[in-house]
Amino acid sequence: MGVSILTAMPDPAALRRIVESRLPQYLSQLERLVNIDCGSYTPDGVNLVADFVADALAALGATVERTHHQPEGDGPRLGDLVVGRLDGDGPRMMLIGHMDTVFDPGTAAERPYRSEGGKAFGPGVTDMKAGLLAGIHAIAALQEAGERPAVTFVSNPDEEIGSRFSSPVIRVLAPEHEAVLVLECARANGDIVSARKGIADYHVTITGRAAHAGVEPEKGRSAILEAAHQVLALHALNGRWPTVTVNAGVIHGGTRPNVVPERCELQVDLRAATSAAFDEAAAEIERLAASPTVPDVQLALSRTAGHPPMEKTEASARLVALAEEIASELGFSLRDAATGGASDANTTAALGIPTLDGLGPIGGDDHSVDEWLDLDSVVPRTALLAALMSRIGEVV
């Protein structure tokens, strides 16, 4: 474990006062960011958020690097990846947040940022504009308190679609750090996140043989019939291993009702909480794809995106205990939880680096028209993050 410089440490209450003084600026910036359409496939909007993050990090003294996305073939263009580096004292930490949302262009105009009854609403207000700002303001509060945290701040443009562009960069950078703090917002009940299921997205292409469904159906080989067999077999995997869930969520196939369908496609979601269960279920999905039920039908299986499981370790448990202690000093209780959703925390945890997630303010109903942020949680949760960064040398 690293050694803390106790004399340089501001107490959590002092950090809270600094964060509170910054709240009007935080809220103004939150409104600005929420009112930007920045879905994963809206790169110009994502880059407006990237502009803001890059400028904010530079103002904190960071060396900022932007990496432009290079589409593969006819693939979609994505926004830039922003990495800011601050040299300082103590253990080197990585903070990770994402700039993209799941919402289509025009959403911000349809339902712009608004606040009502202690809550803020708008596309991405919780997932995760609030968390990005919490990271920036936590660093600023530490600097105002006289600390120089050693931080690498990674702003990801494609987390909502599996971080296919960002993950390779994160995997290269992460081993240079002693801990990773991910800025997704806390659960709706206030829990931070110490474990997440792994996730794999599969695309299954089934090719059969077309024929006239009324005149000579025996000459056909139905891709849709094979898809039906596959869906039933895939869903039968649910419950075979603890924590494993499999869902065939999208299916497309066929041309006309009087044609035996030649082609069908499935999109399948696999999740599991442990690497062992994840690997066993993945192997079974591959076995099913290699063993079609309908004769003469061909299946092609591809794994299009995914994250390994984030399993709670002794090192991450020490981070949780420190966060709980700091929260108590700030006057509120804190718990950790496991969740079924994946994030960039999965990537760093799988590398063996102590990782904690859910360190933004409290919010809920992510990815929906009802997405909300608890405005009263902004100050205490940002102060918690700042104090955790200040004292992380106690446990890593």
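**The largest pocket and its surroundings**

Tutor: The lining of the largest pocket divides into 11 nonpolar, 14 polar and 10 charged residues. Here Ala, Val, Leu, Ile, Met, Phe, Trp, Tyr, Cys and Pro count as nonpolar, Asp, Glu, Lys and Arg as charged, and the others, Gly among them, as polar. The model is predicted: local features need pLDDT of at least 70 and side-chain atom pairs count only at pLDDT 80 or more, whereas totals for chains, interfaces and linings use all residues. Residues are numbered from 1 along each chain as its sequence is written, and side-chain values use heavy atoms, with hydrogens and water left out.

The space in this pocket comes to about 650 Å³. Of its 35 lining residues, Val102, Asp127, Glu159, Glu160 and His367 are the closest to the centre. On a 1 Å grid over the protein atoms alone, a pocket is an open set of points with protein on both sides within 12 Å along at least five of seven lines, a cavity is a set where a 1.4 Å probe fits but cannot get out, and lining residues have an atom within 4 Å of a point. Grid points are joined across faces, edges and corners, and a volume is the space filled by probe spheres set on the points.

Several elements each supply at least two lining residues: helix H5 and strands E8 (185-186), E10 (198-207), E15 (298-307) and E18 (360-364). Strand E15 gives the most, with three residues. Helices (H or I, at least four residues) and strands (E, at least two) are DSSP runs numbered from the N terminus.

Asp127, one of the residues closest to the pocket centre, is joined to Met128 by a cis peptide bond, with omega about -5°. Met128 itself belongs to helix H5.

The phi of Asp365 is near 55°, a positive value in a residue other than glycine. Asp365 counts as partly exposed because its relative accessibility is 44%; buried means under 20% relative accessible area, exposed over 50% and partly exposed in between (1.4 Å probe, protein chains only).

In H1 (residues 12-21), Pro12, Ala14, Leu15, Ile18 and Val19 are buried. Seen down the axis of H1, these residues fall within an arc of 160°, so they line one face of the helix; the arc is that of the directions from the helix axis to the C-beta atoms. They pack against H5 (125-144), as well as H2 (23-34), H9 and H11 (378-391).

Finally, consider Arg335, in the loop between helix H9 (314-330) and strand E16 (336-339). Arg335 counts as exposed because its relative accessibility is 52%. The side chains of Arg335 and Asp191 are joined by a polar contact of 3.4 Å. A polar contact is a pair of N or O atoms within 3.5 Å; within protein, one must be able to donate a hydrogen and the other to accept it, and residues adjacent in sequence count only if both atoms are side-chain atoms.

Technical notes: Contact means heavy atoms within 4.5 Å.
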